[in-house]
Amino acid sequence: MRTEFTWVGGRSSVDFTATLGKREQTPFERIPETDDLARWFEESGLTKEAPAVTPAVRGTAIELREALYRLFTGTAVTADVGVVNRWSSRRLPGPRLTPELGLEPAPLDATDLLSTLARDAIELLTGPYADRIRACASDDCSLLFVDTSRPGRRRWCSMNTCGARAKMSTYRAVD
Ligand SMILES: [Zn+2]
């Protein structure tokens, strides 16, 4: 079955943690097969073409994903830092210049893409929004997002889904 991915995190590394859905409720795997991970990479916009993904790469991707989730939610274990650093310290192909002097992203394979995610996470965890990584306030949702709003009081992963539902139930409570 083809699952839909969610893109509410505001950062690719945060969106990657959402490939395990309903973590706090009834977890379901959005990348059960290697093809699903390939499709996630493509839909993420980190690469133009879906990369080849082996079962071994999928396995390490899930290990990285869970380490990222714990780091983002303040529940990291010592090994998680090592997992992220192992990926981030790999060499990555640099960006390219087109003949028209445009910017062309380097072609990245699946392991390069995992390194990219690890680097994104480090930038986030050590940057100005490190304390703005939040989980959606809905009881029925466990999506993480980076609250980049000026007041920093964003509660919902999305105003179209959880935010709208919360508004509805407030109206109902008033009735
Ligand atoms: Zn939500």
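Okay, let's start with K22, which is partly exposed at 29% relative accessible area. In this talk, buried means under 20% relative accessible area, exposed means over 50%, and partly exposed is whatever falls in between, using a 1.4 Å probe and protein chains only.

Quick housekeeping: this is a predicted model, where local features need pLDDT of at least 70, side-chain atom pairs count only at pLDDT 80 or more, and totals for chains, interfaces and linings use all residues. Residues are numbered from 1 along each chain as its sequence is written, and side-chain values use heavy atoms, with hydrogens and water left out.

Back to K22. Which residue does K22 form a salt bridge with? That's D140, and the closest N and O atoms sit 3.5 Å apart. By salt bridge I mean a side-chain nitrogen of Lys or Arg within 4 Å of a carboxyl oxygen of Asp or Glu. K22 is in the loop between strand 1 (20-21) and strand 2 (28-29), and D140 is in the loop between strand 5 (133-135) and strand 6 (144-146), so this pair ties together parts 118 residues apart in sequence. Helices (H or I, at least four residues) and strands (E, at least two) are DSSP runs, numbered from the N terminus. D140 is partly exposed too, at 40%.

The structure holds 13 salt bridges. Another one pairs R11 with E123, with 3.3 Å between the closest N and O atoms. That pair also links distant parts of the chain: R11 is in the segment before helix 1 (12-17), E123 is in helix 5 (residues 110-125), and they're 112 residues apart. E123 counts as exposed, at 53% relative accessibility.

Now, E66 and R65: their side chains meet in a salt bridge at 2.7 Å, N to O. Buried or exposed, that R65? Buried, at 2% relative accessibility. E66 is buried as well, at 19%. Through shared partners, salt bridges join R23, E29, R65 and E66 into one network.

Last stop, the metal. What coordinates the zinc ion? Four SG atoms do, from C136, C141, C157 and C162, at 2.3 to 2.4 Å. Donors here are N, O and S atoms within 2.8 Å of the metal (3.2 Å for Na, K and Ca), and water is not among the atoms, so sites may look incomplete. In sequence, the donor residues are spaced C-x4-C-x15-C-x4-C. The site is tetrahedral, with angles of 105 to 115° among the four donor atoms; the cut-off for four donors is all angles between 85 and 135 degrees. As for burial, C136 is buried at 7%, and C141 counts as buried at 12%.

How values were computed
Four donors count as tetrahedral if all angles lie between 85 and 135 degrees; four count as square planar and six as octahedral if opposite donors are over 155 degrees apart and all others between 65 and 115; anything else is irregular.
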